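Trainee: I would like to go through a structure with you. Please start with how it was prepared and then take my questions in order.

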Amino acid sequence: MDKNNTNQTRPPIVVVLGHVDHGKTTLLDAIRKTNVTAKEAGGITQKIGASVVETKEGKKITFIDTPGHAAFTKMRGRGAQVADIAVLVVAQDDGVKPQTKEALEIIKETGIPFIVAGTKSDVAGVSAEKLQGELEKEEVYFEGRGGNIPFVSVSARNSTGITELLEMLTLMADVAELKGDPNAPVEAVVIESGKDKMGSTATVVVRQGSIKVGEAVFAEELPCKVRALFDDKGKGIKEVTPGLPAGVFGFTDVPTVGATVLSMPHKGEEVEKKVRGTFDLRRLKDDEIPVIIKADNAGSLEAIIASLPPRIVVVGQGVGDVTASDIIDAKTGNAYVFVFEAKIPNDIVKLAEAEKIKVERFQIIYELLQKLDEILKKGQVIELGHAEVLASFPFDHKKVAGCKVIDGRLSKGDALIIKREDKEIGKGKATSLRKQKTEVASVGQSEEFGVIIDPQLDFQVGDIITSISK
Ligand code: GDP
């Protein structure tokens, strides 16, 4: 066997078609209820336009949730093959109707195998044979009656025939030998799209390859750096493999229903650059810590960002309340969310808890910066900021160093190292920190300040003071 060939049997993608009011929606609901693996959704409960059902034998079937052929025609209109198998729903108490015929036309054009579900079998006086006879006039010939189209009589109301329908679908999938290679380039179809508070969203079904968080895909021309993926239960997932649906976040705009989603072309280094440009991607070094900073006003936000210690990398920032989008970004970027004064709505607190994102709110900038120091301290000795000594003057029998911050920040109580031409001349602690005549807790970039160091060190103009965490 070719070891590069990682083709695997994949779940079938099933679409339900039929006349209005013949019971498509109700049938899909009944099918979902049989789902033996249905669990409590955790995290971001995001309804997507497809559902996955697992049979008692552990076989998965993906149903496209938007019943009716309007949506299906739209998808097909863009040349995308979406479904592998169709279920033609015909109500036993109503028989063949105009949209039944239309649905049949579509199925024939697509050339996919189909099954007829004779619905509402519980209605008094109906007959499956009568319905089959009606359909035979439309050239649909059934198994056991000289043809090969499977027929299942179902009642969504009484939940009868559902298991048979699912069994028949898995059998048809086996016969069709549906394969997908999770390692192949991505090929998926957008079955639903829109915009919500998290930005542009799309539900896709994957036919080939795997869509992964952090990677880039295109819906036709529209780029997407996948920020988050959700399965049909609304659970965050890292990747989605062939035959399965997912909610995808990260499109720069709303993709068109029916658009084909492809991974980055192999030769497309330039395209990749374009995408990276679009998303301003920056690879973090191992010792860098990503944070998202939200503040209630632009002034505070600027002040915080200017005072951040080196190695703290801002991967997101903004003025205003924390949003679901911030939490998704934090999840994707493995970042902390630091909030100054801005609000964290209750549902966002819950969301952050579910997604295990650390969100901390501060009312004093200094405390926010101190918390960042703490995070940094949990490793080695970290340089929090540098300042240059510009002057030396006496005060209260002590020697004050008049300095200017080069980068990062210095705080009262910080451990300091003083260096002269890169050679350490002493260590101490900042016991007093003043701006003009006012005692301050912390100083940030470009600020001039006076510091008293304990013990008294013999510093000179031009020495560099480094604030370290220990
Ligand atoms: P759709 O337009 O094809 O999606 O049809 P719906 O699922 O909305 O169903 C249309 C109507 O038929 C609703 O009033 C349902 O309650 C009813 N219905 C659906 N399935 C059954 C069934 O199995 N038995 C009976 N008696 N009524 C059903």
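This is a predicted model: local features need pLDDT of at least 70, side-chain atom pairs count only at pLDDT 80 or more; totals for chains, interfaces and linings use all residues.

Mentor: Residues are numbered from 1 along each chain as its sequence is written, and side-chain values use heavy atoms, with hydrogens and water left out.

Trainee: What percentage of the residues of the protein chain count as buried?

Mentor: The protein chain has 10 helices and 30 strands; these are DSSP runs numbered from the N terminus, helices (H or I) of at least four residues and strands (E) of at least two. Buried means under 20% relative accessible area, exposed over 50%, and partly exposed in between, with a 1.4 Å probe and protein chains only. Of the 470 residues, the buried part is 49%.

Trainee: How many salt bridges does a search of the whole structure find?

Mentor: Side chains of opposite charge can pair when their charged atoms come close. A salt bridge is a side-chain nitrogen of Lys or Arg within 4 Å of a carboxyl oxygen of Asp or Glu. Arg10, Asp84 and Arg207 are linked in a network of them. The search of the whole structure gives 21.

Trainee: Which residue forms a salt bridge with aspartate 373, and is aspartate 373 buried or exposed?

Mentor: The closest N and O atoms of aspartate 373 and arginine 409 are 2.6 Å apart. Aspartate 373 lies in helix H10 (residues 365–377) and arginine 409 in the loop between strands E23 (398–408) and E24 (410–411), so the pair ties together parts 36 residues apart in sequence. Arginine 409 has 1% relative accessibility and counts as buried. The partner of aspartate 373 is thus arginine 409, and aspartate 373, at 2%, is buried.

Trainee: How many residues apart are aspartate 174 and lysine 59?

Mentor: Aspartate 174 and lysine 59 form a salt bridge, with 3.1 Å between the closest N and O atoms. Aspartate 174 is in helix H5 (residues 162–176), and lysine 59 is in the loop between strand E3 (50–54) and strand E4 (60–64), so the link spans distant parts of the chain. Aspartate 174 is partly exposed at 41%, as is lysine 59 at 36%.

Trainee: In the hairpin of E25 and E26, which residue takes a positive phi?

Mentor: E25 (415–420) and strand E26 (residues 423–435) pair in the antiparallel sense over six bridges, where pairing requires at least two DSSP bridges between the strands. Arginine 420 has lysine 423 in E26 as its bridge partner. The hairpin has two residues between the strands, and the one with a positive phi, near 45°, is glutamate 421.

Trainee: At what angle do H1 and H5 pack?

Mentor: In helix H1 (residues 24–33), Lys24, Leu27, Leu28, Ala30 and Ile31 are buried. Seen down the axis of H1, these fall within an arc of 160° and so line one face, the arc being that of the directions from the helix axis to the C-beta atoms. The axes of H1 and H5, lines fitted to C-alpha atoms over the stretch in contact, are 10 Å apart.

Mentor: H1 and H5 are roughly perpendicular to each other, a term for angles of 65 to 115 degrees, with under 35 roughly parallel, over 145 roughly antiparallel and the rest oblique. Contact means heavy atoms within 4.5 Å. On the H1 side, Leu27, Ala30 and Ile31 take part. On the H5 side, the residues are Ile162, Leu165 and Leu166.

Notes:
Axes are lines fitted to C-alpha atoms, for helices over the stretch in contact, and angles run from 0 to 180 degrees between N-to-C directions.
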